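Student: I would like a close look at a single part of this model. Please take me through its setting step by step.

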Amino acid sequence: MEIAKLTTFLKVVEYGSFKAAADKLYLSPRAVSKQINQIEAEIGIKLFSRELTILN
């Protein structure tokens, strides 16, 4: 597992969202999501519950 992916995981935990972590890491939210998906595939478990939030 790459250190960059672990750093991304820690930033998501620290900031509480993929978007906030992406902003801090100068990445797109999609890039953060992809890295988290790769970690999950490598270890075989889901690390985060992903829910769609609709704002009115």
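Student: In which helix is the place of Phe-18?

Tutor: Phe-18 sits in helix α2. Helices here are DSSP runs of H or I with at least four residues, strands are E runs of at least two, and both are numbered from the N terminus. The model is predicted, so local features need pLDDT of at least 70, side-chain atom pairs count only at pLDDT 80 or more, and totals for chains, interfaces and linings use all residues. Residues are numbered from 1 along each chain as its sequence is written, and side-chain values use heavy atoms, with hydrogens and water left out.

Start with the residue. Phe-18 is buried, at a relative accessible area of 19%. Buried means under 20% relative accessible area, exposed means over 50%, and partly exposed lies in between, with a 1.4 Å probe and protein chains only. Across the 56 residues of the protein chain, 21% count as buried.

Now its neighbours. Leaving out residues up to four places away in sequence, Phe-18 touches Val-12, Val-32, Ser-33, Ile-36, Phe-48 and Arg-50. Contact means heavy atoms within 4.5 Å. Leu-47 lies 29 residues from Phe-18 along the chain, and their C-alpha atoms are 12 Å apart.

Next, the helix pairs. Axes are lines fitted to C-alpha atoms, for helices over the stretch in contact, and angles run from 0 to 180 degrees between N-to-C directions. Helix α1 covers residues 3-15 and helix α2 covers residues 18-25. They pack at about 125 degrees, with axes 8 Å apart. That makes α1 oblique to α2. The classes are roughly parallel under 35 degrees, roughly antiparallel over 145, roughly perpendicular from 65 to 115, and oblique for the rest. The crossing of α1 and α2 is right-handed. A crossing is right-handed if the near helix is turned clockwise from the far one by less than a right angle, and left-handed if anticlockwise. Phe-18 takes part in this contact, with Ala-20, Ala-21, Lys-24 and Leu-25 of α2. From α1 come Thr-7, Thr-8, Lys-11, Val-12 and Tyr-15. By class, the α1 and α2 contact has 6 nonpolar, 2 polar and 2 charged residues. Ala, Val, Leu, Ile, Met, Phe, Trp, Tyr, Cys and Pro count as nonpolar, Asp, Glu, Lys and Arg as charged, and the others, Gly among them, as polar.

Phe-18 also belongs to the contact of α2 with α3. Here α2 supplies Phe-18, Lys-19 and Ala-22, while α3 supplies Pro-29, Val-32, Ser-33 and Ile-36. These residues divide into 5 nonpolar, 1 polar and 1 charged. The angle is about 105 degrees, and the axes are 8 Å apart. α2 and α3 are therefore roughly perpendicular.

The remaining pair is α1 with α3. Helix α3 spans residues 29-43, and its axis comes within 9 Å of that of α1, crossing at roughly 110 degrees. The two are therefore roughly perpendicular. Their crossing is left-handed. Ala-4, Lys-5, Leu-6, Thr-8, Phe-9 and Val-12 of α1 meet Val-32, Gln-35, Ile-36, Gln-38 and Ile-39 of α3.

Last, the chain as a whole. It has 3 helices and 0 strands, in the order α-α-α. The C-alpha trace spans about 40 × 25 × 20 Å along its principal axes. Among contacts with a separation of 6 or more, 43% join residues 24 or more positions apart.
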